[in-house]
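Dear colleague,

I am handing over the structure that we spoke about, with notes on what was found in it. Please look through the sequence and the model first, and then read on.

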Amino acid sequence: MADTPYLVSRLQGFGTTIFAEMSALAVATGSINLGQGFPDADGPPEVNEAAIAAIRSGHNQYPPGIGIPELRTAIAAHQAQWYGVDFDPDTEVLVTAGATEGIAAALLALCEPGDEVVTFEPYYDSYAACIALAGAHRRVVQLRTPDYSFDPSALIAAITPRTRVLLLNSPHNPTGKVFTRDELELIARLCVEHDLIAVTDEVYEHLVFDGEHQPLVTFSGMRDRTVTISSGGKTFSCTGWKIGWVCASPELTAAVRTVKQFLTYVNGGPFQYGIAAGLGLPGSVFRRVAADLEEKRDRLSAGLAAAGLSVFRSAGTYFVTVDIRSIGERDGLAFCRALPERCGVVAVPSVVFYDDHDAGRSLVRFACCKQLDVIDDAVGRLQGLTS
Ligand SMILES: Cc1ncc(COP(=O)(O)O)c(C=O)c1O
């Protein structure tokens, strides 16, 4: 039976997200919200000042469809400076309404109905919905606790003659995994062998604590078969601005642009100036952002461990995952629904990111992108969990 009567069949089952439910619960109970991943402090002041200056100087109408030249040039310079990849700002860079629109436009542009998209579970929730919107099918390869490695033979088995796209997220939400060079080499080799297009979601590219972010596009054979997607929201603590981008060969960019122009056409004119300023900041600013977040990751991880939870080390992103079986619990969804009443803290049950519910049932994700005193308050409240 249809769960939402007017909704098309391909989106049945995609009801209200768990984030909406948990954030509403946080408000209703006055809890500390470590559920949704958004920071509670501003990022580098230069970024905000540039957006304010753009508003004041009248940049308030539709920007160009592909994004303002200043931002496209800054994106291309950023890719060259950080990763040594050259993109033409006019034909190989496209500004989107957050990474979310870039991902949606890429999947809608590249997948025929019936095509298959291979991705890793747990996965960011918009992937399943966008694959379904495109009429494609997802095939998932599991990242296994405790180190979130995957079985290479499972990846090989997931690729079929119908596979069109491999969708990779690294650094990875919700696990905090940063894919290793060996793993990326295997993924790249399989993309080349099976003539797949890679769509990469790199929104946490600058939020890495252990290891190093290596874009898939830098691997052999990947330059012209990769759609690299990122955004400024996480790096510059402005998730509400929704300024993202796509970098790819002219042919792939043209395909994605064709869809993008009919989704939002454009967005966030003055904010594009802000992100352009941010991308041009010195490397030391990016390193400080990562170091600040690493301190928060450490503080939250230690507090969760002290509360008796089994903590998986997060190598990057805004998130830390725990297994609640260490405190005698089994069901993360029930645990998260009860946690606001029990302790005044909100978290997200990782099961919502899994097709294999058994694998994710006892896992719970906490966001560490909050000020240290907020994290301290939250972990203080959680110390009562086992009493
Ligand atoms: C893995 C991942 N991709 C994409 C997004 C969304 O990015 P944006 O806000 O730029 O659309 C998020 C936000 O949480 C995310 O975690």
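Where is the place of Pro-146? Pro-146 sits in the loop between β4 and α6 (152-158), where helices (H or I, at least four residues) and strands (E, at least two) are DSSP runs numbered from the N terminus. Before going further, please keep in mind that this is a predicted model, in which local features need pLDDT of at least 70 and side-chain atom pairs count only at pLDDT 80 or more, while totals for chains, interfaces and linings use all residues. Residues are numbered from 1 along each chain as its sequence is written, and side-chain values use heavy atoms, with hydrogens and water left out.

Some backbone details come next. Most residues other than glycine have a negative phi, and most peptide bonds are trans. The peptide bond from Thr-145 to Pro-146, however, is cis, with omega near 5°. Ser-170 and Pro-171 are also joined by a cis peptide bond, with omega about -10°, and Pro-171 lies in the loop between β5 and α7. Asp-195, in the loop between α7 and β6, is a residue other than glycine with a positive phi, near 55°.

Now to the sheets. Strands of a sheet pair through backbone hydrogen bonds, either parallel or antiparallel. Seven strands form an open sheet with mixed pairing, in the order β2-β8-β7-β6-β5-β3-β4, where two strands pair if DSSP finds at least two bridges between them. Because β2 (93-97) and β4 (137-142) stand at the edges with a single partner strand each, one side of each is left without a neighbour in the sheet. From one strand to the next, the twist averages 25°, with axes taken as lines fitted to C-alpha atoms (for helices over the stretch in contact) and angles running from 0 to 180 degrees between N-to-C directions. Within this sheet, β6 (residues 197-201) and β7 (residues 226-231) run parallel and are joined by four bridges, and Val-199 stands opposite Val-227 in β7. Helix α7 (residues 181-193) packs on the sheet, touching β3 (116-121), β5 (163-169) and β6, and its direction makes about 160° with that of β5; contact here means heavy atoms within 4.5 Å.

An open sheet of four strands has antiparallel pairing and the order β9-β10-β13-β12, and its edge strands, β9 (310-312) and β12 (348-349), each pair on one side only. Three bridges join β9 to the antiparallel strand β10 (residues 319-323), and Phe-312 stands opposite Thr-321 in β10.
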